[in-house]
Amino acid sequence: MNGYEWMFAGIASVAGVSGALVVVSRNVVHAALFLVATLGAVAALFLLLGAEFVGWTQVLIYVGAIVVLLLFGIMLTRAPMGRMALDNPNRGLAFVVAAGVFGVLTWLIWDAFGDERIPLKQVVRTKDIGRSLFDRFVLPFEAISVLLLAALVGAIVLARKD
């Protein structure tokens with residue numbers, strides 16, 4: 001293994017651990033901060049793999065906007081805080097189901113690819129990504145923006161005192 005592979009493994013393990021902490025955290029604000037760490041690590045993986053545009057877009061959109069929107073939603077709705085607010089008696093069953101799904105997906109991916117290396121055919125230019133985004137994926141792109149606007153309006157409506 002060379003230095004890049006060690007860095008990839010380290011950053012991927014940070015993303016995995018912080019992603020797991022998002023799920024098991026009992027405080028919503030702490031979960032949001034762990035989500036920042038997870039999304040930042042994913043952006044670092046994109047940067048390490050040479051996809052600078054996707055990596056910086058990940059930082060700007062997800063780390064910068066989505067997490068801020070999530071924190072505003074938490075503040076506006078006055079979500080319950082503390083240990084008992086997020087506890088559920090089905091936590092063990094959910095862990096078993098999640099571990100089973102993880103095991104099945106890991107087995108499927110390993111069965112499909114095994115030790116095969118993915119060849120890098122060519123460098124994808126930012127111009128091609130932009131053209132693809134606004135030619136083929138313009139409808140999902142706009143649907144996400146409308147969904148985010150509806151979530152913000154819904155949080156404001158929920159936070160209003162009548």
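How far apart are the end C-alpha atoms of helix α2? They sit 30 Å apart, which agrees with the 30 Å that the 21 residues of α2 (residues 28-48) should span at 1.5 Å a residue. The expected span is 1.5 Å times one less than the number of residues, and helices here are DSSP runs (H or I, at least four residues) numbered from the N terminus.

Before going on, keep in mind that this is a predicted model, where local features need pLDDT of at least 70, side-chain atom pairs count only at pLDDT 80 or more, and totals for chains, interfaces and linings use all residues. Residues are numbered from 1 along each chain as its sequence is written, and side-chain values use heavy atoms, with hydrogens and water left out.

Back to α2: its buried residues include V28, A31, A32 and L39. Buried means under 20% relative accessible area, exposed over 50%, and partly exposed in between (1.4 Å probe, protein chains only). After α2 comes G50, with a positive phi near 90°.

Now look for rings. Searching the whole structure turns up one aromatic pair. F134 and F141 make it, edge-to-face, at 5.4 Å centre to centre and 75° between the planes. Rings of Phe, Tyr and Trp (its six-membered ring) pair if their centres lie within 6.5 Å; planes under 30 degrees apart count as stacked, over 60 as edge-to-face and the rest as tilted. Both partners are partly exposed: F134 has a relative accessible area of 49%, and F141 has 38%.

Note on methods. Helix = DSSP H or I, 4+ residues; strand = E, 2+ residues; numbered from the N terminus.
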